Amino acid sequence: MNANDPATFNHQYSQVNGIKIHYVDESHSSEKALLLIHGWPDLWCGWREQIPFLVNLGYRVIAPTLRGFGETDVPAEPSSYTDKAICGDFAALLDHLQIPTVTVIGHDWGGLAAWRFAQFYPERTVAVASFCTPYLLPDQLKGTLEDIVKVIPSFRYQLHLASPVAEQEINENPEAFFKRMLRPITEATSMMDKTTGMLVRGRPEIAKSDKIPQKVLDYYVAMCEKAGAGGGLKMYKRYKYNYEASKDLDPVIRKPAMMVTSELDPALPPSMANGIEKYIPNIEVHNVRGAGHWVLWEQPAVCNELLEKWLSKVYPVKSKM
């Protein structure tokens, strides 16, 4: 595995839960499996700095591409993108791989999916962790997107992402889009133009960040061209369906857990995790200083150290000696 080249990972495909899923699967011989879940506009390779590290610790690492993204199928309706459906994909994939239990770790929308997997499938969850995304009750995500933005103002950007224009402008120039989006916080530009509200359209193209290897950027662009932007953006059109699918879940997660906030994440500020212990009593909370939303590859050494220490307590692997 070479973190700078997505082609060097073990790519697999399975037909499960009614769709074809793409996933990376490393270290089959380990009995301790980790499920790594990405968000938007990410792919499995958002975990590229963690996968080799975790495999080297002795874990089996499974990093699926979510429905709507890349080489995984793209259902047409927003109602097909609930966390219940997404977690059903994971459970079916684990069935296919004959893996009874896992520790689940997510980032961005993948963080919410990780919390929900622990709720939908507590019997299959050993432990759960999230980077950036706090635990949110279904009731906190009830109503229209407009209603939710009133309660969580940092989600205002989602109003544009839920519009047809966002899909059009990303599909028109995915390379320019990813060059703008995939940047450490120290190089970040505004997500949307402050005058026009556009992500890409009408904005000057900027050079890619040196933090993004060329082959990684090329992979993001190729996968977006393959699937189109519309599937992933349905994550922002699913709120009413997601609430109905999640509203009856037990709000308390009784699994060992870790929440890692990122100090400078504009969409998911650390303050959103305040009080998380009320619903997840067995949780430890950490904050990565000086990092933005892409904390996993902005500060991989810090993230990997946190994972190693936490996993050694809640899901230790047998010594290699």
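Modeller: Proline 138 lies in the loop that runs between strand 6 and helix 4 (145–151); helices (H or I, at least four residues) and strands (E, at least two) are DSSP runs, numbered from the N terminus. The model is predicted, so local features need pLDDT of at least 70 and side-chain atom pairs count only at pLDDT 80 or more, whereas totals for chains, interfaces and linings use all residues. Residues are numbered from 1 along each chain as its sequence is written, and side-chain values use heavy atoms, with hydrogens and water left out.

With a relative accessible area of 9%, proline 138 is buried (under 20% relative accessible area; exposed is over 50% and partly exposed in between, with a 1.4 Å probe and protein chains only). Leaving aside residues up to four places away in sequence, proline 138 touches Arg116, Tyr243, Ser246 and Lys247, where contact means heavy atoms within 4.5 Å. Leucine 249 is 111 residues from proline 138 in sequence, yet their C-alpha atoms are 8.2 Å apart.

Proline 138 also lines the second largest cavity, together with Asp83, Arg116, Leu141, Tyr239, Asn242, Tyr243 and Ser246. On a 1 Å grid over the protein atoms alone, a cavity is a set of points where a 1.4 Å probe fits but cannot get out, and a pocket is an open set with protein on both sides within 12 Å along at least five of seven lines; lining residues have an atom within 4 Å of a point. The second largest cavity holds about 50 Å³ of space, the volume being that filled by probe spheres set on grid points joined across faces, edges and corners. Helix 10 (residues 239–246) supplies the largest share of its lining, four residues. By class, this lining has four nonpolar, two polar and two charged residues; Ala, Val, Leu, Ile, Met, Phe, Trp, Tyr, Cys and Pro count as nonpolar, Asp, Glu, Lys and Arg as charged, and the others, Gly among them, as polar.

In total there are three cavities of 30 Å³ or more. The largest cavity contains about 140 Å³ of space, and of its 17 lining residues, Pro41, Phe69, Phe178, Cys224 and Gly228 are the closest to its centre. Helix 8 (214–227) gives the most to that lining, with four residues.

The largest pocket has a volume of about 660 Å³. Of its 32 lining residues, the closest to the centre are Met191, Asp265, Pro266, Ala267 and His293. Helix 3 (109–120) and helix 7 (174–181) each supply at least two residues of this lining.

Strand 6, at one end of the loop that holds proline 138, belongs to an open sheet of eight strands in the order 1-2-4-3-5-6-7-8, with mixed pairing. Two strands pair if DSSP finds at least two bridges between them. Strand 6 (residues 125–131) runs parallel to strand 7 (residues 257–262), with four bridges joining them, and phenylalanine 131 stands opposite valine 260 in strand 7. Helix 12 (residues 300–314) packs on the sheet, touching strands 3, 5, 6, 7 and 8, and its direction makes about 160 degrees with that of strand 6; axes are lines fitted to C-alpha atoms, for helices over the stretch in contact, and angles run from 0 to 180 degrees between N-to-C directions.
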